[in-house]
Amino acid sequence: MKNGITKLIMAGYGDLRKSEKKAADYILDHMEDAAGASIDRLAKAADVSQPTVLRMLRALGFTGYKDFKYRLVAELASAEPEKARSAVPMYGYTLREEMTLDEIPAYMTETASGMMEETLKNIPIKTYRKAVDTLRTAKSINIYSVENSGVTAQDLLAKLLYLGLPCRYFSDYYYQQISAGNLSAGDAAVGISYSGESKDTVDVMKTAKKAGATTIAITNFKDSPISRYADILICTSQEQFIYGNAIFSRIPQLQIVDMLYMGIIASDYDRYVKILDRGEKMVRERAYPSGAEEKKPQGRGEKNHHARAEKEAGSA
């Protein structure tokens, strides 16, 4: 488990300046050393100035270096018993041939957790706000993806439809191109690609941008081709994981979808809660009442069988 300071740094990481990120990276990688270091020693180790360290800490919500040190020392002290009880698998390794079956559940969970934390570090709050505002105010929303990213596209489609937003998703490339070419200012196009290099998705985002739509790209690598056509670029972890993109790509992508979904709800809580309540009612009407069993219709043979049984019981 990550301590509170680690989570705090990761949550604000995307909004830090480049030099401030160097200081934050040093703290994340040398937590125990930072707890015992003076500000000048920490700044020197991170290769930044002391004012940069202070700006970084204040941007993250600390009142100063003394406040940061006090909270860090307290958290490390409280974490020692937990650390002694269990060894957490290291995050980011590829699957080793000698790894046993018993090790895999904990290893996979830690890897997924690490990816999600990396994703949080890579999303500036300004970018997140812009994406939420674009989706909730768009005249129409088109979602584009291929292959494995289609899972994320379907999840985003479902959530936006539940919120009553005008949204559609085509898996066919020709339909994607036609729909993208008919977009205009006020519309939104969302392209989802782990690698950012899927030619079909990149091409359709290019078409959507040229047509005047606001384009949102969800990808793992910020310098990938899809970023050239993104007005709003949302990057996940920047790391390459086990056997590339097929296994893990959906985890941070689905995390992004949930962030956008919750952000839209929070932007106008009363309105969207009412819409969700209506949707829930429609879904509930299509479900069997709690505890009720489905009655299977009887065929002619079953009816005759029951009739004979009742007759025999009456004559007995």
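**Close-up views of a predicted model**

**View 1. A strand, a helix and another strand make one unit.** Strand β3 (residues 188–193), helix α11 (residues 199–211) and strand β4 together form a β-α-β unit, and the unit is right-handed. Keep in mind while browsing these views that the model is predicted. β3 and β4 run in the parallel sense, paired over six bridges.

View 2. Thr-219 makes a handy landmark, with Cys-235 as its bridge partner in β5. How many of the six residues of strand β4 are buried? Five of them are, so β4 (residues 214–219) is largely enclosed by the rest of the structure.

**View 3. Ser-193 and the residues around it.** Ser-193 belongs to strand β3. Is this residue buried or exposed? Ser-193 has a relative accessible area of 1%, and because that is under the 20% cut-off, it counts as buried. Leaving out residues up to four places away in sequence, Ser-193 touches Ser-149, Ser-198, Thr-201, Ile-218, Thr-219, Asn-220, Ile-226 and Gln-253.

**View 4. The largest nonpolar core has 32 residues.** In this core, the residues that touch the most other members are Ile-141, Ile-143, Leu-160, Leu-163, Val-190, Ile-234 and Ile-264. Which helix gives the most to this core? That would be helix α13 (residues 250–267), with seven residues. Zooming in on Val-190, and skipping its neighbours within four places in sequence, you'll find contacts that include Leu-135, Ile-141, Ile-143, Tyr-144, Met-205 and Ile-218. As background, nonpolar side chains tend to be buried together in soluble globular proteins.

**View 5. A second core sits apart.** This separate core is made of 27 residues, among them Leu-16, Tyr-26, Ala-43 and Ala-46.

**View 6. Tyr-65 and Phe-68 pair up in a helix.** The structure holds four aromatic pairs, and this is one of them. The ring centres of Tyr-65 and Phe-68 are 5.8 Å apart with the planes at 45°, so the pair is tilted. Both residues lie in helix α6 (residues 65–85), three residues apart, which is about one turn of the helix. Tyr-65 and Phe-68 are both buried.

View 7. Phe-170 has a relative accessibility of 26%, so it counts as partly exposed.

**View 8. A lysine sits over a tyrosine ring.** What does the charged end of Lys-159 sit over? Look for the ring of Tyr-261: the charged end is 5.8 Å from its centre.

**View 9. Arg-17 in a loop.** Our last stop is the loop between α1 (4–13) and α2 (18–29), where Arg-17 has its place. Its relative accessibility is 52%, so Arg-17 counts as exposed. Met-56 is 39 residues away from Arg-17 in sequence, and the two are 8.2 Å apart in space, C-alpha to C-alpha.

Notes
Residues are numbered from 1 along each chain as its sequence is written. This is a predicted model: local features need pLDDT of at least 70, side-chain atom pairs count only at pLDDT 80 or more; totals for chains, interfaces and linings use all residues. Side-chain values use heavy atoms; hydrogens and water are left out. Rings of Phe, Tyr and Trp (its six-membered ring) pair if their centres lie within 6.5 Å; planes under 30 degrees apart count as stacked, over 60 as edge-to-face and the rest as tilted. Helices (H or I, at least four residues) and strands (E, at least two) are DSSP runs, numbered from the N terminus. Buried means under 20% relative accessible area, exposed over 50%, partly exposed in between (1.4 Å probe, protein chains only). A charge sits over a ring if NZ of Lys or CZ of Arg is within 6 Å of the ring centre and within 35 degrees of the ring normal. A nonpolar core is a set of buried Ala, Val, Leu, Ile, Met, Phe, Trp, Tyr and Cys residues joined through side-chain atoms within 4.5 Å. Contact means heavy atoms within 4.5 Å. Two strands pair if DSSP finds at least two bridges between them. A crossover is right-handed if, with the strands pointing away from the viewer, the path from the first strand over the helix to the second runs clockwise.
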